[in-house]
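I opened this notebook to keep track of what I looked up, one entry at a time.

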Amino acid sequence: MRQRFGDVMTMLEGILLTIVTAATPLLFAAIGELVAERSGVLNLGVEGMMAVGAVCGFAAASTTGNPLIGVLAAIIAGMLAASLFGIVALFFVANQNATGVALTLFGLGLSGLIGDSFVGTPGIPIPKVDIPVFSDLPVVGRLIFGEDPFVYAAVVLAIATWWFLFKTRGGLIVRAVGDNAASAHALGFSVLRTRFLAVLFGGACAGLGGAYLSLVYTPQWTQAMTAGRGWIALALVVFASWLPGRLVAGALLFGAVSILQLHAQAIGIGIPSQFLSMLPYIVTVIALVVISRNRALLSVNTPACLGRPFVADT
Amino acid sequence: METKSAGRRTRPESGALIQAIGISKLFGSFKANDAVDLTIRPGEIHALLGENGAGKSTLVKILYGSLQPSAGEIRWKGQSVRIPSPSAARKLGIGMVFQHFSLFDALTVTENIALALADRSNRAALAREIEKVSLEYGLPLNPSSRIVDLSVGERQRVEIVRCLLQNPELLIMDEPTSVLTPQEADDLFQTLDRLTARGCAVLYISHRLEEVKQICHHATILRLGKVVAECDPQQETASKLASLMVGADVHVLSADTPPPTSAKTRLSVRNLSLPEPHPFAVALHDISLDIQAGEIVGIAGIAGNGQGEFFDALSGERPAIRPETVTIDGKPAGKLGVTARRRLGAAFVPEERIGHGAVPRLRLSDNVLLTRHATGDQLLRVGVIDFSGMKTLADRIGRSFDVRKSAVDPEAGSLSGGNLQKFIVGREIDRQPSVLVVSQPTWGVDAGAAAVIRQALIDLARSGSAVLIISQDLDEIFEIADRVAVISRGYLSEPVPARSLSREQIGLMMAGLGEGKSMAQKETAHAHRA
């Protein structure tokens, strides 16, 4: 009896741990996109930036043997990809949707090219944090005290982003630019510079999310390993109604759905595995429909200038 | 409106606070400002008058640093200065309250103000400061409200308080009363008096001449980018000021023929109730209204009290549940759409010119087709468009309504606001509709164009049509409406003859009196105190 109970607890712990790791890359990418969207820029290139981050992070880590350099390379690669978007969509006022989709296609293609010679190369393991005694606590021990450093970084990043957006002057300016670019300009703020910085931050976070996939989640490089996570991150931002706190909850929810469907497949319930694999995406659609019905909530937090280009008159 | 501040105002005798000398601004080859001189003294309310396009906004933007002059000099307290940006202007002591508020809807009052004040890092302290200043100047505000939940008058208070916290020596106000009820305007004038009493100067941009005569010490009048006159507005008649602005005598409206009595009812609304289509809209409550042939009925009200919803119900953009809710010329039309209602002889001019009244990227002739395709003008024959017929119509409308355009048949979006408004009102009047519903007929239109439009509405009514105007401009309603009703939170008051009402009575009705809400009574008490 006691033995059975222990088994269940171990399995539960395992599921919870994998949920957290599945949520982490989503959280990274979504936090970055949240800041970009708060400034009024809709960057649909998250998937592409994640792919570029994943491949560059993996390439740098396996070439140098230092995972930290891999992480830095992923962040820089994500920012470079984002700057491409920023220059075209902000300074040359190209259509943001088209530019974002183009960035996704470009990023996926480029990552395949760069990653070609790294397919099959073993990854560099990143040690988990291990706080003695605490991490041995049942169930919550490893969940809270024994995760890999990225998990903590993602949570800290979410809290820091909330603090920045709602407690600092810089965050206030970002929200103001996203709410009413013309007024922000009239007050003397540089709309394009604010937006460009927000887009760069979005790129850095997406790159980091990509690096998590190729360095930690499945420590190897495979073509198109982002598997639509960039798109889910985009949906998560809407789901969270542009609030970082809800983003954490949303990322965990989506992580849970994508892990639980794996377990459901393993148990062998009588639903074809293809349908179960669809589940995270179906949940995305349903979540968007449900959230979009709550207009009062959306009206307060949706950046009013989202996706609208800004050109200053001189 | 003609209360307490009736006393004669004298311009303070003192040196200049700010001087603009020979300011010119070129946009391409167009001279928006041409050697403009302007001198403002401390403690005066200085009016800047001019029609749309006279160069007022350009001059003001130069003074506030958002535009750089092509030539000329600005002196601040005798010192020559450059004002490279709005923040530089604010540092000098120049504050500005914009016509279209530069506020952020999703942010709170405190956050909005914090954005303009880089030196206030503690938001709790700033909120206390806002409360203090707002009480001091009679501008009650709750610092933690979101802008989106505030009325237009309250939003303006936010703008003013934001300026006041920077201790300005010059406050620029662009059309401040165009969005206010008469009571709110009176409150604003009191605030301005308190400000000038402390030595602050106000540059007051308006084309409401009565109000300029009432509160301003001095006026500078611009026309086509040049200063055409400087005067003491209290000494001049309103028509003299208007003719200086326009450069010709403004056409005086004639509504000599009284509206016919016991004529037949052309437009009838019976117990119209509609739920709000979305949470930010207003529900309509049991609205009934009859309009006779030959009369103009005006609907007054503060923006966002159901005017848009009422217009949509009349035009058929939102059909009613029962056919007899709306009757046009005796025929039930409640369930009909816009085109079917047009076929019954009705015509509609919505509030937004661009996007609702006209398609900006289409030529004027194409825009004619959009509302006239099913009204017996033979513009469509078996589904084929008669292009020359369309052009003839567009031409005729252009000529009879004096639409000034750069080409024979330009895109609608290339016309100035006033000219496009003349065109879309003209397009409907041209077909001599038996019922015409117009929302904000002269919104943002200068005095000359407004006179043309208003005269055309009067003429149409006197020729036997029923005309309904929905307007926020009380002057306009008093000028042309025979009967007036007030819409407030989706309720429509009983229409009464315009001559039997004072502005104050209407103002109180606009503020919601008569609905028995405690909020409304509070506002009333406040207004009486003022």
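Predicted model: local features only at pLDDT ≥ 70, side-chain atom pairs only at ≥ 80, totals over all residues.

How much area do chain A and chain B bury between them? I found about 1,800 Å², 62% of it on carbon and sulfur atoms, where buried area is the accessible area (1.4 Å probe) that two parts lose on being put together, summed over both.

Residues are numbered from 1 along each chain as its sequence is written, chains are lettered from A in the order in which they are written, and side-chain values use heavy atoms, with hydrogens and water left out.

Next I looked up contacts (heavy atoms within 4.5 Å), and 20 residues of chain A touch 24 residues of chain B in this sense.

I then checked for salt bridges (a side-chain nitrogen of Lys or Arg within 4 Å of a carboxyl oxygen of Asp or Glu), and the count between the two chains is 1. The side chains of Arg175(A) and Glu111(B) form a salt bridge, at 2.8 Å from N to O.

Lastly I turned to Ser111(A), which is buried at a relative accessible area of 1%, buried meaning under 20% (1.4 Å probe, protein chains only). Leaving aside neighbours within four places in sequence, Ser111(A) is in contact with Ala51(A), Val52(A), Val55(A) and Trp221(A).

Methods:
Buried < 20%, exposed > 50% of the residue type's maximum accessible area, 1.4 Å probe, protein only.
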